[in-house]
Amino acid sequence: MEMAKRNAVVAMALAVLAVAASVEGQNSDVKTLVKYKHGKKYCDKGWECKGWSTYCCNLTITDYFQTYQFENLFSKRNSPVAHAVGFWDYHSFIAAAALFEPVGFGTTGNKTLQMMEIAAFLGHVGSKTSCGYGVATGGPFAWGLCYNHEMSPMQSYCDDYFKLTYPCTPGAEYYGRGAIPIFWNYNYGAVGEALKVDLLSHPEYIEQNATLAFQAAIWRWMTPIKKSQPSAHDAFVGNWKPTKNDTMENRVPGFGTTMNILYGDGVCGQGDVDSMNNIVSHYLYYLDLLGVGREQAGPHDILTCAEQVPFNPSSKAASTS
């Protein structure tokens with residue numbers, strides 16, 4: 001009888017371990033499969049990086065950013081008072097990121113830079129989707145991914161100037177949706193073209209599919225507003241070399257310029273305003289939580305855009321918000 005009880009306990013423990021292994025199997029513990037062909041190394045990591053490529057042999061996001069870290073960064077997103085309970089999750093983020101990892105998202109440079117880029121991108125996401133406030137439980141920065149769409153739109157965001165390229169669909173509303181919220185018909189049209197999804201006719205898809213919502217945000221991060229300008233990704237990881245004019249206008253590689261690219265004079269060139277400081281504070285908080293440390297973020301002129309001249313002053317196209 002005692003032996004039977006012991007066996008039952010062992011069986012239960014093995015079952016728990018199997019479940020834990022299954023969960024962890026979606027993170028860095030996935031075994032990398034390796035094969036060689038004509039002297040070249042090819043790898044397959046499963047759900048994040050599959051298909052036997054040389055790229056999959058490199059460090060990918062799940063190697064340094066795992067489920068528990070995502071949960072730490074967005075610890076209050078599924079609280080009863082949050083507005084997008086059950087929508088955002090780690091798997092959706094990694095599935096979206098996998099589309100852009102081969103072109104450098106979270107995979108550029110050494111491990112520290114890779115982790116910093118994830119913190120930077122998610123710092124924007126957290127600040128733009130937060131319902132946190134000064135005395136909120138867990139602190140004001142624990143409430144990122146509380147929203148997945150604008151709660152009280154004041155307009156339909158249809159700009160007829162783009163009626164030939166991105167005509168508004170009758171009945172469609174182009175209010176803010178997503179991880180870095182998309183506004184206006186022309187932005188939905190451009191993102192939809194890039195992701196091969198008809199967002200001009202169905203902007204609501206963004207608030208119905210978390211992977212698509214993250215993909216749209218990462219695409220914006222990876223794509224310049226104008227061809228002559230850097231993407232937020234390039235400005236952050238150091239791929240962008242400022243021109244003499246950029247230097248004169250205080251635009252330098254770093255986190256500050258990512259805000260300039262994404263929001264223009266909505267937050268930049270106005271000194272240390274709250275709208276800018278809120279984004280910066282999320283980034284620093286995430287650096288700390290990921291174990292990188294905010295001291296890696298650099299001095300004030302790199303971290304902020306307080307004194308930067310906007311790339312595209314007063315242009316709707318320079319901002320997603």
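Biologist: Which residue in S2 stands opposite leucine 33?

Modeller: First, this is a predicted model, where local features need pLDDT of at least 70, side-chain atom pairs count only at pLDDT 80 or more, and totals for chains, interfaces and linings use all residues. Residues are numbered from 1 along each chain as its sequence is written, and side-chain values use heavy atoms, with hydrogens and water left out. Strand S1 (residues 33-37) and strand S2 (residues 40-44) run antiparallel, joined by 5 bridges; strands are DSSP runs of E, at least two residues, helices are H or I runs of at least four, both numbered from the N terminus, and two strands pair if DSSP finds at least two bridges between them. The residue in S2 opposite leucine 33 is aspartate 44.

Biologist: What phi does histidine 38 take in the hairpin of S1 and S2?

Modeller: The hairpin has 2 residues between the strands. Histidine 38 takes a positive phi, near 55°.

Biologist: How far apart are the end C-alpha atoms of helix H6?

Modeller: H6 covers residues 210-222, which is 13 residues. The expected span of a helix is 1.5 Å times one less than its number of residues, so H6 should span 18 Å. The model agrees, with the end C-alpha atoms separated by 18 Å.

Biologist: How many residues of H6 are buried?

Modeller: Buried means under 20% relative accessible area, exposed over 50%, and partly exposed in between, with a 1.4 Å probe and protein chains only. Among the buried residues of H6 are Phe214, Trp219 and Trp221, and what covers the buried residues includes helix H4 (111-128) and helix H9 (255-263). The number buried, out of 13, is 12.

Biologist: What is the distance between the C-alpha atoms of valine 252 and aspartate 301?

Modeller: Valine 252 lies in the loop between helix H8 (244-248) and H9, and is partly exposed because its relative accessible area is 24%. Beyond its neighbours within four places in sequence, valine 252 is in contact (heavy atoms within 4.5 Å) with residues including Trp240, Asp301 and Gln308. Valine 252 and aspartate 301 are 49 residues apart along the chain, and their C-alpha atoms are separated by 7.9 Å.
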